[in-house]
Amino acid sequence: MYDLTGFQRDLMYVIAGREEPHGLAIKDELEEYYEKEIHHGRLYPNLDTLVSKGLVDKGERDRRTNYYTLTRRGRREIEARREWENQYVDLE
């Protein structure tokens with residue numbers, strides 16, 4: 001995950017926390033978190049990058065709606081990132 005942008009990591013976290021979210025559901029979550037509008041031109045190319053890197057799978061719910069899930073590799077990457085973060089951040 002070291003080569004991902006923060007936005008791409010946030011996309012992965014949102015996908016991990018939802019069951020097969022579609023693009024607009026991911027967009028809504030991030031807009032709430034960032035407190036600003038996320039444009040389609042930013043969202044979908046970054047989702048496609050995660051798909052091309054093998055971190056996210058993209059499925060088709062119907063002809064107009066795609067959904068996203070983490071791959072095994074994507075889950076491993078999130079776990080590894082959290083372990084790395086825990087070395088530096090002790091919240092207790």
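Predicted model: local features only at pLDDT ≥ 70, side-chain atom pairs only at ≥ 80, totals over all residues.
The interior was examined first. In soluble globular proteins, nonpolar side chains tend to be buried together. In this model, the largest nonpolar core has 18 residues. Leu11, Met12, Ile26 and Val56 have the most contacts inside this core. Helices H1 (6–16), H2 and H3 and strand S2 (66–70) each give two or more residues to the core. H1 supplies the largest share, with five residues. Leu11 shows what such packing involves. Setting aside residues up to four places away in sequence, Leu11 touches Ile26, Leu30, Leu43, Asn46, Leu47 and Leu50.

Ile38 was considered next. This residue sits in the loop between helix H2 (23–34) and helix H3 (40–52). Is Ile38 buried or exposed? Ile38 counts as buried because its relative accessibility is 0%, and buried means under 20%. Beyond its neighbours within four places in sequence, Ile38 is in contact with Phe7, Lys27, Leu30, Glu31 and Leu43. Leu30 and Leu43 are also among the residues that Leu11 touches. Glu79 lies 41 residues from Ile38 in sequence. The C-alpha atoms of Ile38 and Glu79 are 26 Å apart in space.

The surface was examined last. Trp84, Tyr88, Val89 and Leu91 make a nonpolar surface patch of about 510 Å². Leu91 belongs to the segment after helix H4 (72–88). Its relative accessibility is 79%, so Leu91 counts as exposed; the cut-off for exposed is over 50%. Ile38, by contrast, is buried at 0%.

Notes: Residues numbered from 1 in each chain as written. Heavy atoms only, no water. Patch = residues over 30% accessible without salt bridge, like charges linked within 9 Å, V, L, I, M, F, W, Y side chains within 5 Å. Areas by Shrake-Rupley, 256 points an atom, 1.4 Å probe, with all protein chains shown as cover. Salt bridge = Lys/Arg side-chain N within 4 Å of Asp/Glu carboxyl O. Helix = DSSP H or I, 4+ residues; strand = E, 2+ residues; numbered from the N terminus. Buried < 20%, exposed > 50% of the residue type's maximum accessible area, 1.4 Å probe, protein only. Contact = heavy atoms within 4.5 Å. Core = buried A, V, L, I, M, F, W, Y, C linked by side-chain atoms within 4.5 Å.
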